[in-house]
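This report describes the architecture of a two-chain model.

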Amino acid sequence: MSIIETKNLTKYYGKTKGIEDVSLSVQKGEILGFIGPNGAGKSTTIRVLLSLIYPTSGSATIFGKDVVQYGPEIKREIGYMPSEVFYYENMRVKELLEYAASFYEKDCSKRIKEISGLLKLDLTRKISDLSYGNKKKVGIVQGLLHDPELIILDEPTGGLDPLMQKNFFELLKEEKNAGKTIFFSSHILSEVQKICDRVAIIRDGELINIESMEHLIQNNYKRVHLTTRQKADSGLFKLPGVSDLKVEKNQISLLYKGDVNTISRLIAQIDLVDFIVGEPDLEEIFMHYYR
Amino acid sequence: MNVFLLELKQNRNSTIAWIIALIAVAALYISIFPSISQNPAVTDIYKNFPEAFKKTFGITENSLSVFSGLYALVLNLVLLTGAVQAMNLGTGITSKEVRERTADFLLTRPISRVSVLRQKLLTIFLLIVVTDLVFMTADWALIQVLIDDPFQFKTFITSTGSLFLVQLFFVSFGFLLGSVLPRIKSVIAVSLPAVFGFYIVGLFDTLVGEKIKYMTPFKFFNINILTAGGEYEPGMLIYVAVLSVAALIASFVVYQKKDIPSL
């Protein structure tokens, strides 16, 4: 059964396009990465799913129920973590979490203890005194405390240190193993790669592609910078998968998509002073491969 | 009832402050009445004040010699103070989640927007009723202690009761603005101009004539008549009720359909 299903979902803010014709489905038990550059429509899609905003046309269902019509009912089983977290500032963490828990017809105190323990979140502190990272932790706990079937995360990891990020991903994997479904939006490809089963790519409000993680990894995007001893030969790298090739004096820079062995053999033929092979940012991938 | 309880808690301190302010306004004027009413020199000075000044502060011929006259003056200021409180409360409570960026937190819970608004409405009505009951008790006590020849209890209740009716209008009007306007950054920046705007409109009563009573809450009821033992006009009571209910219904309709702006 599809947990989330959108059909031609479109949202315009007046004349400004938010998203257009977004059709996707998320299956039970899967982690779907929803990636795209800033302003691509990730948050718009999520806000429609949560009926914070209403679609201009098209429809979305969660657990088979229309999000506009059955919003409150659906939300019993949704945990949401916004990208930026703001809470009632004069509250203590414990009070806020208890307030959040009061909306669900179950006892959440055990989960609150468990998750805050895992994240090392001090429940007695005032929200206004918390650092950004700690507020994010409050965001994680308030989103998961009612043990929801569907977890929606909007760029969740910003502000978390690497160790906490690891703990957080462990937590998500546990949820997945417990049969929960996760919708994970991000603009960082590597983050999504670590954890997602499939990836939906959105750009300028339109869904470009949905790929399985294996396929995306196979594609293996690399940004390559070479500094050669002699004047660089521009002909060497004219092969499929290479784009944005720039050759200048003894500098070569390119984007590569494909088998890494092919490119490493080519590089090995050159007398190098220095080389950098890194991960291109998402913007670059979009610019050169998803036009 | 969780939203109701939270709002009650979060608005408790400001409500206490407003109650104190209302009592202070009344106490100040009531306490000086015994000394000025028996001092012809003071009344003469006030008589010579410019017309515009007297008008702005609601000073009439017998403001300073008869208690019912002075009480009309007191009530004028009490209404103004109470209006600001009510407008702040109404505007504040409906615009709060967007202003404080807690809309995402609250509205992604399994609760309908109607229920959120209903609980907020309940909160502000309770707070206004409590404010008025406490204020009126203190006000009556002050009058009993300080004034030798106070007016009847019925006259007191009728005239001071206009505070609740005026607040009813402002709380509903604020509730509407808070729901309709997409993003209110500062509540006071909306509520003060609205309240003082209406107050200023009320100053043009001689110019506008009888119809002024439909144009500003400060002229819905003729305070001078009420403090002198008069009654409400039934038509005006209906008018206030219709306006308030219409504003509240519109709030619910708009709030349910509006897009919540993102953080």
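## Sheets, helices and interface

Strand β1 (residues 2-13) of chain A runs antiparallel to strand β4 (residues 57-62) of chain A, and 5 bridges join them. The model is a predicted one, in which local features need pLDDT of at least 70, side-chain atom pairs count only at pLDDT 80 or more, and totals for chains, interfaces and linings use all residues. Residues are numbered from 1 along each chain as its sequence is written, while chains are lettered from A and ligands numbered from 1 in the order in which they are written. Helices (H or I, at least four residues) and strands (E, at least two) are DSSP runs, numbered from the N terminus; two strands pair if DSSP finds at least two bridges between them.

**Chain A as a whole.** Chain A contains 10 helices and 14 strands. Its C-alpha trace spans about 70 × 45 × 35 Å along the principal axes. Of the 291 residues in chain A, 38% are buried (20 or more other C-beta atoms within 10 Å of the residue's own, with C-beta atoms placed from the backbone). Contacts are counted where the C-beta atoms of two residues, placed from the backbone, lie within 7 Å. Among contacts in chain A between residues at least 6 apart in sequence, 71% join residues at least 24 apart.

Axes here are lines fitted to C-alpha atoms, for helices over the stretch in contact, and angles run from 0 to 180 degrees between N-to-C directions.

**The six-stranded sheet.** A second open sheet of chain A has 6 strands in the order β6-β7-β8-β3-β9-β10, with mixed pairing. Its edge strands, β6 and β10 (206-212) of chain A, each pair on one side only. On average, neighbouring strands of this sheet are turned by 15° against each other, direction ignored. Helix α5 (residues 132-144) of chain A lies across β6 and β7 (150-154) of chain A, at about 170° to β6(A).

| Strand | Partner strand | Sense and bridges |
|---|---|---|
| β3(A), residues 31-35 | β8(A), residues 181-186 | parallel, 5 bridges |
| β11(A), residues 221-228 | β13(A), residues 251-257 | antiparallel, 7 bridges |
| β12(A), residues 242-248 | β13(A) | antiparallel, 5 bridges |

In β13(A), A:L254 stands opposite A:V224, and A:I252 stands opposite A:V247. The hairpin of β12(A) and β13(A) has 2 residues between the strands, and A:K249 there takes a positive phi near 50°.

**Helix packing.** Two packed helices are described by the angle between their axes and the distance between the axes. In chain A, helix α3 (residues 93-101) packs against α5(A) at an angle of about 25°, with axes 9 Å apart. These two helices are therefore roughly parallel (angles under 35 degrees count as roughly parallel, over 145 as roughly antiparallel). Residues A:V93, A:L96, A:L97 and A:A100 of α3(A) meet A:V138, A:V141 and A:Q142 of α5(A). This contact comprises 6 nonpolar, 1 polar and no charged residues; Ala, Val, Leu, Ile, Met, Phe, Trp, Tyr, Cys and Pro count as nonpolar, Asp, Glu, Lys and Arg as charged, and the others, Gly among them, as polar.

In chain B, helix α1 (residues 2-37) and helix α4 (residues 67-99) pack at an angle of about 165°, their axes 10 Å apart. The pair α1(B) and α4(B) is therefore roughly antiparallel. Among the residues making the contact are B:W18, B:Y29 and B:F33 of α1(B) and B:F67, B:L77 and B:I93 of α4(B). By class, the contact of α1(B) with α4(B) has 16 nonpolar, 4 polar and 1 charged residues.

**Interface between the chains.** In all, 21 residues of chain A are in contact with 17 residues of chain B. On the chain A side, α1 (42-49), α2 (71-74) and β6 (78-81) each supply at least two of the residues that touch chain B. That side of chain A divides into 14 nonpolar, 2 polar and 5 charged residues.

Note on methods. Angles under 35 degrees count as roughly parallel, over 145 as roughly antiparallel, 65 to 115 as roughly perpendicular and the rest as oblique. A residue is buried if 20 or more other C-beta atoms lie within 10 Å of its own, exposed if 12 or fewer, and partly exposed in between; C-beta atoms are placed from the backbone.
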